[in-house]
Amino acid sequence: MSIDPSIRQEIINYEPTLTLCFQCGTCTSVCPMTDYGMNTRLLMKKLNLGIIDDWVRKTVWLCLGCGLCRENCPNKINIPSVIRFVRSLELAEIRRRR
Ligand code: SF4
Ligand code: SF4
């Protein structure tokens, strides 16, 4: 596991609403992928701390991009946008390693 404040800052620069997460868990309760391993609340917590571990790397690819989390979040956090950005970081890292 790596905790990287610079990654946290990169994500927040891209999607500033992430910092508004207060861990209510509504996103997890509405996400259609929760039964398949997604835990949106935990994902937002880890990303808010700059944690990109194996679980985060795997979990971001479970998202369908349906937007239900964003629609139901009390702070309208753009979760799909956060996830898309982390995916792009992961793809860039995979390409770099080739
Ligand atoms: S619904 Fe919004 S505030 Fe609640 S845990 Fe999810 S992202 Fe955070
Ligand atoms: S956009 Fe992704 S994280 Fe949000 S509810 Fe849909 S599948 Fe879950």
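Visitor: Which residues does Met-44 touch, not counting residues up to four places away in sequence?
Guide: This is a predicted model, in which local features need pLDDT of at least 70, side-chain atom pairs count only at pLDDT 80 or more, and totals for chains, interfaces and linings use all residues. Residues are numbered from 1 along each chain as its sequence is written, and chains are lettered from A and ligands numbered from 1 in the order in which they are written. Contact means two C-beta atoms, placed from the backbone, within 7 Å. Leaving out residues up to four places away, Met-44 touches Leu-18, Cys-21 and Ile-79.

Visitor: How many helices and strands are in the protein chain?
Guide: Both are DSSP runs numbered from the N terminus: helices are H or I with at least four residues, strands are E with at least two. Along the sequence they follow the pattern β-α-α-α-β-α-α-α. The count is 6 helices and 2 strands.

Visitor: Which residues of α3 are buried?
Guide: A residue is buried if 20 or more other C-beta atoms, placed from the backbone, lie within 10 Å of its own. Elements covering the buried residues of α3 include α1 (5-14), α2 (26-30), β2 (51-52), α4 (54-59), α5 and α6. The buried ones in α3 are Thr-40, Arg-41, Leu-43, Met-44, Lys-46 and Leu-47.

Visitor: Which residues come nearest to ligand 2?
Guide: Near means a C-beta atom, placed from the backbone, within 6 Å. α5 (68-72) and α6 (79-97) each supply at least two residues of the shell. Of the 15 residues around ligand 2, the nearest are Cys-31, Cys-63, Leu-64, Cys-66 and Cys-69.

Visitor: What radius of gyration does the protein chain have?
Guide: The radius is taken over C-alpha atoms, and the globule rule is 2.2 Å times the number of residues to the power 0.38. The C-alpha atoms fill a box of roughly 40 × 25 × 20 Å along the principal axes. For 98 residues, a compact globule would have a radius near 13 Å; the chain agrees, with 13 Å.

Methods
A residue is buried if 20 or more other C-beta atoms lie within 10 Å of its own, exposed if 12 or fewer, and partly exposed in between; C-beta atoms are placed from the backbone.
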